[in-house]
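Open the structure in your viewer and keep the selection panel at hand. The tour below goes from stop to stop.

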Amino acid sequence: MTHLLDSQTIQSRLQACTSKEATFKELVALSNQLERLTDEDKSEEHKVKGCESAVWLIEEHIDGMCHFKADSDAKLMRGVLVAVLSLVQGKSKADIQAMDLVQELTQFNLGSYLTSSRTNGVLGILKKLSS
Amino acid sequence: MAFSSNNIRSDFPILKVTTDDHPIVYLDNAATTQKPLAVLQSIQDYYLYSNANVHRGAHFLSDRATSAFENARDTVANFLNAGQNSHVIWTKGTTESINLVAYGLEHLIETDDEILITSLEHHANLVPWQQLAFRTGARLRVLPLTSTGEWEPEYASYFTDKTKIFASTHISNAIGVATPLADMLNEAKKVGAYTLIDGAQAVAHYEVDVETLDCDFYVFSGHKMYGPTGIGVLYGKSAALEILLPYQTGGEMVRHVAYQATEFNVLPYRLEAGTPHIEGAIGLAAACDYLTKQDRPELLKWEQNLAKTVYDELYLDPRIEIYSPSSNTTLVSLSVPDVHTLDLNSYLDSKGIGVRAGSHCAHPLMEQLGVGSTLRASFACYNTKEEAERFCEVLLEAIDLLAD
Ligand SMILES: Cc1ncc(COP(=O)(O)O)c(C=O)c1O
């Protein structure tokens, strides 16, 4: 099971970033937290559509709780995935569906890293998490 | 006098913009260029002093607008050495110009005819031809140019008596290489094909002479040559334009309309339905004037030197793969096999450097190169050697930060 930093810690680390460059470096650091998927797991079936970089997301259920594994071929996206998954890891589907994930994500201060073309991809991930 | 961007940077006020205290370094010029004050001023002047609809005559402002608009056509005709100004059709850009020709020639295309393009095309010079082939039962064929853009004698066999249309880019937007236009056009002429050259990436850098090129159609966008967005040009020889059926109809392009039939207007109006993009044409003409005022061979050399600076700085680095030629190009397209181009792009962006990561609307070419996306730094007249060096320095920093 992937062990991730809790979302509070991630949020405060990202909120402390006052420039794009600082955010970049923090996302690179976060990306190292993500356990990479095997090539086998990176299947078409697990691919999230609409992302500029390739993103794979796998959902497992243990004792009624959701556990997610994810990967991307882009490092910053892996950092973003660590942040996103910290919001939902180990929660029940009902709890996840009750969350406003888009709103929660704004707390991460990802600013330009979520604007424009990348946003669609991240929205696709959020949709998949709560579906 | 040798060209130096130092003498013209102040014509582009946007270059003073900063982000996170970094001055912006704009190296995405193949996507669109910045606009000089002369272009902005021409648009403002049009609205301040001459705004009215064109060709409707009958009052002072309309006469003024019409002559500014038609003078713009003259300017573009001169810019291309196009002879008569009726050879210049206004469109909204390269894409529309190509679509206009693809629809306009459709009545001449039959099942089993061939439409020949090259393997270096932007989607804009591929999809309209592919769709034309689908509609008519013609066959789309691809001349397999390599990334060095050299002519090979065996290419001649791609031009057959079935080839009705040959379309090629002048310069590849994805890797910056020039195609062997003279040889290709020569073969196309031998088989009597209509020829179209996509000059989107050429006009800002090269002095284009359509008479010497001797192609039937030459197309480009204003926004990639310091002009406004939303305006572009279809140049055509008289006979080639005459053969096109209008793909849009309506006002301005007609001479007489009755419920039973419509008599179309003469060229160029016949292919320009509706109120045109008047200030766009005027702005594009100002951009032509701006370029014409420069020492163009020296300007091209300046831009090529910037690309060469980047090439020379990076080509020995074993982590970097470069897809552009080593010289005679104004852009450098590269990838770092271990690092995603989007990540490189983000780091450069965090330092104020704007480049483009992606497949550059050329999926089949990316496949040919065996790469999903490249990072492209493309230069314009206002870029400096310091900017080219800064790009290399920050790119290398990014690779150090991102390589596993
Ligand atoms: C070679 C080439 N052809 C066509 C186009 C399409 O131009 P536009 O989007 O202005 O119609 C571009 C723009 O990127 C280009 O570089």
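**A stop in chain B**

Select Glu152(B): its relative accessible area is 30%, so this residue counts as partly exposed. The model you are looking at is predicted. The label follows from the cut-offs, because buried means under 20% and exposed means over 50%, with partly exposed in between.

Along the chain, Glu152(B) and Asp183(B) are 31 residues apart, and their C-alpha atoms are separated by 9.3 Å.

**On to chain A**

How many helices and strands does chain A have? There are six helices and two strands. Followed from the N terminus, the order is α-α-β-β-α-α-α-α. The radius of gyration of chain A is 14 Å, close to the 14 Å given by the globule rule for 131 residues, so chain A is as compact as a globular protein of that length.

Of the contacts between residues at least 6 apart in sequence, 62% join residues at least 24 apart.

**Surface and charges of chain A**

Buried residues make up 49% of the 131 residues.

Last, select the charged side chains of chain A. There are 15 positive and 18 negative ones, and the centres of the two sets lie 6 Å apart.

How values were computed:
Residues numbered from 1 in each chain as written. Chains lettered and ligands numbered in written order. Predicted model: local features only at pLDDT ≥ 70, side-chain atom pairs only at ≥ 80, totals over all residues. Heavy atoms only, no water. Helix = DSSP H or I, 4+ residues; strand = E, 2+ residues; numbered from the N terminus. Rg over C-alpha atoms; globule rule 2.2 N^0.38 Å. Buried < 20%, exposed > 50% of the residue type's maximum accessible area, 1.4 Å probe, protein only. Contact = heavy atoms within 4.5 Å. Lys, Arg positive; Asp, Glu negative; His and termini not counted. Charge placed at Lys NZ, Arg CZ, Asp CG, Glu CD.
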